[in-house]
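Welcome, and please take a look at the sequence and the model below. A short tour of selected features follows.

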Amino acid sequence: MLDIAKARAHVSPVPLAFVASLVLSLIAVAGTVTLGKDAAHYLDVARQALDHGPAVAFQLFNWPWFPLLLAATHAFLGVPLELAAYLWCALLMAGTCALMVAISQRLVVGSGYWACLVVLSIPACNHLRYDIIREFGFWFFCTLALWLALEWLERGGWRRAIAVQAAIAAAALFRLEAVFLFAALTFCLLPECRVRRTWLKLLQINALPLLAMLAVLVLLVTGQEFAQPRVLHFLSLLDPRNFVARFELLVGDFAHAALQKNAADEARLIILFGLPLTLLSKFLMLCGPLALPLLYRGSWPAFGDYWRKLRPLTWAWFLYFAILMLFFIQERFVNPRYVSFLNLLAVPLLSIALLRFAGHFPRLGRLLVALALLVMLHNVISFAAKKTHYLEAGAWISQHTAPSDPIYYEDSRLAYYAGRGYPFMPVTRAQAMSGENSPTYRYFVIVAKPDDPAVRLWLAQQKKRILGQFANRKGDAVLVVGD
């Protein structure tokens, strides 16, 4: 039987996962030239909070706890904002990997090294190591809450219940949807409601949500308004009336755009069955080659083990899947970054499936381990052309324009690298370049090639010219256009 635990490793799987994760994050960040859009936004909010006080963060972003953490780190430790962000993300990701390996070992003794391989190689989470995103905190504190919840379900006690709720609350400061874990833990207890002790556990694990509901009720009774945009938006997604209205609108638009008139009645069925299959396909793709063991019949008993021993993770997987469906229907998109938490929750399942598969097919198991190691490196090493032209364009804008000049930025990161913050453009590029809106801006900073026929036609019509053009080695270009 293939067993990577026989690799004479002198480090236990949990600290190995933590250290290896830090190394992978270091490799990923070392190859990074420009920030992602969200990262630039968070760093700008943090900088504004340092310059003008924490209150301004809530004006720029309706859930600014992560930027405020970065600002506090800079204020108290003197660490540059960008470095602080990368350090926090790397540490939170490393903690997530270590905790998930610890949880996996509860499922099957001796599966720790397999879990270490899985959690460090699945593309779902690892391909994002180079970025600065709130998901790292969301993943870590959700995983911490589930790890603590497994102990609490076995031993009970108010102290452990409070620790679980504190971890969920911390996760919610990164992404509000973390509160769904309260429902997941509640569902874990419902089959045992005939036992009086279970009711005490239900009270223990829901003490914080009950207090929050009581506080909101007091506000409403006293005539005060509860106006937290992020919370209200989250509640609107859960409102059945909004869901039905958005679903019917989606059905109508889909039927009109993609179906013949005599097939329009099937639109509901296509959406109801098609969207879950789309999410499942994204989940499997984000598993990479490690999805293969799930197809092996001998690995299927692992699903039963996963349900019996790690029920909080199972309920969390199904409930988060339902949340993604709600979001998919109402917002009409879902990206891999959101789906990745499903893959993280499935790490113990993938680990035991891989262990069983490798035990039955040793040669294929070795091949799969080799593929996983290659994917691990592919997640953090990229040979694609970097966005160096963003840095060059930002430097030119900083030197040749004034902060008071009205400038349209197609990508707000160009403003960030020019030292002009991270402005949100009220119109699209097409709208900004229209005859109606064009006079509003003195300069246009757009992502386009100088020989683009549409751009050339617009330049001739508006009597504008290219003041600066910057390209990377792939040929992607940024144009600065003005009079």
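## The largest cavity

The largest cavity has a volume of about 30 Å³, and the structure holds one cavity of 30 Å³ or more. A cavity here is a set of points, on a 1 Å grid over the protein atoms alone, where a 1.4 Å probe fits but cannot get out, and its lining residues have an atom within 4 Å of a point. Grid points are joined across faces, edges and corners, and the volume is the space filled by probe spheres set on the points. This is a predicted model, in which local features need pLDDT of at least 70 and side-chain atom pairs count only at pLDDT 80 or more, while totals for chains, interfaces and linings use all residues. Residues are numbered from 1 along each chain as its sequence is written, and side-chain values use heavy atoms, with hydrogens and water left out.

Which residues line the largest cavity? They are Ser25, Val29, Tyr86, Cys89, Ala90, Met93, Arg129 and Phe136. The elements that give two or more residues to this lining are α1 (13–30) and α5 (81–107), and α5 gives the most, with four residues. Helices (H or I, at least four residues) and strands (E, at least two) are DSSP runs, numbered from the N terminus. By class, the lining has six nonpolar, one polar and one charged residues; Ala, Val, Leu, Ile, Met, Phe, Trp, Tyr, Cys and Pro count as nonpolar, Asp, Glu, Lys and Arg as charged, and the others, Gly among them, as polar.

## Two helix pairs

Two packed helices are described by the angle between their axes and the distance between the axes. Axes are lines fitted to C-alpha atoms, for helices over the stretch in contact, and angles run from 0 to 180 degrees between N-to-C directions. Helix α9 (residues 158–174) and helix α11 (residues 196–205) have axes that come within 8 Å and cross at roughly 40 degrees. That makes α9 oblique to α11, given that angles under 35 degrees count as roughly parallel, over 145 as roughly antiparallel, 65 to 115 as roughly perpendicular and the rest as oblique. On the α9 side, Trp158, Ala161, Val164 and Gln165 make the contact, and on the α11 side Leu200, Leu203, Gln204 and Ile205 do. Contact means heavy atoms within 4.5 Å. This contact has six nonpolar, two polar and no charged residues.

For helix α16 (residues 301–309) and helix α17 (residues 311–331), the axes come within 5 Å and cross at roughly 105 degrees. The two helices α16 and α17 are therefore roughly perpendicular to each other. Here Tyr306, Trp307 and Lys309 of α16 meet Arg311, Leu313, Thr314 and Trp315 of α17, a group with four nonpolar, one polar and two charged residues.

## The sheet and its helix

Strands pair if DSSP finds at least two bridges between them.

β1 and β2 (residues 443–447) pair in the parallel sense over three bridges, and Tyr409 has Val445 in β2 as its bridge partner. β3 and β4 pair in the antiparallel sense over six bridges, with Ala477 in β4 the bridge partner of Ala471. Their hairpin has five residues between the strands, and Gly475 takes a positive phi near 105 degrees there.

Terms used: On a 1 Å grid over the protein atoms alone, a cavity is a set of points where a 1.4 Å probe fits but cannot get out, and a pocket is an open set with protein on both sides within 12 Å along at least five of seven lines; lining residues have an atom within 4 Å of a point.
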